[in-house]
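Take a look at the model below, and then we'll zoom in on a couple of spots before stepping back.

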Amino acid sequence: MATQQTRSQDELASNVLMSKQPDNIKEENEEEEEIEEAAVVVPPDSGWAWVVMVASFLCCTVIDGIVFCSPLIQEQLMAEFKVSKGYVAFVSSLLSGCYLMAGPFVSAMANRFGFRPVTITGAIFAAICFGLSYFATSVEYLFVIYGILGGIGFCMVYIPAVVIIGFYFEKWRALATGVAMCGSGVGTFVFAPLTNVLLKMGWRETLAIQGAIVLACALFGLAFRPIQPIRLSVTNDEAGDEKEKSKLNGHGHGNTVAPTPQLHQAAFTKPLPEGRFAYSMPNSAHNTYMGASQRNHYPTAQEIFKGMNLERRPSGTAQGSKGTELKQLRKSQPTTPNGDPQQLTFNLHKELTTVGENEEEAENDNLLETEAKPVTIQARRHTVSGRRPQDIGKRSAAAAHEAHHGQTHSSSRPMYRDDIFFTGSLTRIPQYQSQTSLAYHMSVTRLPTKQDMLEDRQKGCRICPEAVRRTLSTMLDTSLLSSPAFMCLAFSGFLTMMGFFVPFCFLVDRAVASDMDKASALSVLSGIGLVNTFARIVCGSISSFPAVKPLWLNNVALTAGGIATIFSGVVVNTASQWTFAFFFGICIACFSALRSLIAVELIGLEKLTNAYGFLMLFQGIAATFGSPIAGALYEMSGSYDMAFYFAGGLILLSAFLCYPLTCVSRWEQRRNEKNTPLPAA
């Protein structure tokens, strides 16, 4: 075992050596000139990041506003196409369902092409679908064009708008996410009366105008520009003097002989199918009681650089494309007589060890005086498909080659971050609290493969590139379905989402049928959005306190919302409906805001991306069938109360499923600890 490990380390070392060669030989031996590197995306947490937050807020306002108010067109559709309420409900339910179910696939597209292109393409595509809906000749036409295709377009706007917040913010992530997600409530508040006014012209004109409004999201998406990564590469303290002399003599950057890297002694290798190897760190973030996938593993930057000295430098040379921190970093760098910036060097040995909170701040201040706390990274999941050890160096060499050619997109894949879907404060994550900021970001960053980077450089279109396959395999990793804790959480979310859109579909109709003024009924619908807006802010603030358990906050909110929905029809008047709007608005706000926090507490940060993939699928399916079932119940009983009993009962049942989740999670943890064998020495 020791012999194999030594051999694999030697093979890795042979692939991270750099040598000075003529240009004509360099091209031929490109595969052999490797330097151990990793690209780290540093969230600005200021400046343009706030513009991104506002753009995300506006996208959520438009998308969620239209989705939540789309049932208002059903009455005119029923009159024109002579269909039942249960059948016509599929028009809006398919829009909301596909808007969720397409999440994993849109995430893969965003990982490959970036947030900005996907958002702009999605906005244009959705606007075209809404425009084509103007010419609908049947409800089935609307099912496909408005519901399915329009929902996919909405997802292409919504997913990047939500995920990019975690890419731009670290310290202010919870606040920025809360503000951006408030767009959902504001959208409901604005589009309820707006849609009612537009419907006076007809449902066709309404959809056409809404399509034009959706097109504005393409303009908002222009703000989602990529963040240029900073690169970390291996250096050697002992060779520091020689390196300095070499640079002062004008030999440039790439002529230093890198040291022989040694993986940290805690690392071990294990064989995988097809002769591949996987690196696994017993103390790293991806090794929790959930266990790692037996199929594959992509190493984190922390695993590769454990115990090594690193050079830190901004990648690329394009002017005007860097954030404030990167500009400050460049200004702080000394230069050689030739004017080339010298690389800043520091030792990560202490950075990759557990420290106290005060030590963390001190050490981060010592890294770069002109830069805020080093923040985020690309990353991926807890399990990833690895290559042979020597391929690790090749992946890094590809990253260096990309930087020199101004192509850094593959080195900042957003879905390669383990925490990309985490919407709360990072202080709630144990990995963030127990180590320095830089060490945390390295521990949640999964490195892109060489194939990934080669595909990014090469011209042409690939049907399913590596960045897409890797994201889909992570988000839809079926090994997670064997977790009882996750399945309870997923089924609870399924039930909640099945009743989630029912009040939006039938609240106004029930109020009008009970002799309420339609304007008052619409104000109640807007009121749900208003309460949702403030409840998200309050919920996010409360959940930031360590003593507050997100699971219990979620359970209380779902219980109150379920009970309020069941009894909302006992007396139908303005006061009772506003009371229902208050509790239901809090319910949906807590449900939406706390999903990622609960998932991390139950199954770990390394499984969050995987969990979100299945949660979006399950909730999308539930949203697709919830409202039509409620509509069918109304037709059978002749009363809207049955639809609200159905929705409230499902929400209440979902709350009851969540109450024992803590006990289930602890039992699962003990079971997996017993069944997990210790690694061989």
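Let's start with Asn532, which sits in helix H22 (residues 518–543); helices here are DSSP runs of H or I with at least four residues, strands are E runs of at least two, and both are numbered from the N terminus. This is a predicted model, where local features need pLDDT of at least 70 and side-chain atom pairs count only at pLDDT 80 or more, while totals for chains, interfaces and linings use all residues. Residues are numbered from 1 along each chain as its sequence is written, and side-chain values use heavy atoms, with hydrogens and water left out.

Is Asn532 buried or exposed? Asn532 counts as buried because its relative accessibility is 2% (buried is under 20%, exposed over 50%, partly exposed in between, with a 1.4 Å probe and protein chains only). Setting aside neighbours within four places in sequence, Asn532 is in contact (heavy atoms within 4.5 Å) with Ser184, Gly185, Gly585, Ile588 and Ala589.

Now over to Thr662, part of helix H27 (residues 661–675). Thr662 counts as partly exposed, because its relative accessibility is 26%.

| Residue | Relative accessibility |
|---|---|
| Asn532 | 2%, buried |
| Thr662 | 26%, partly exposed |

Stepping back, the protein has 27 helices and six strands. It has 681 residues, and 59% of them count as buried. Of the contacts between residues at least 6 apart in sequence, 84% join residues at least 24 apart.
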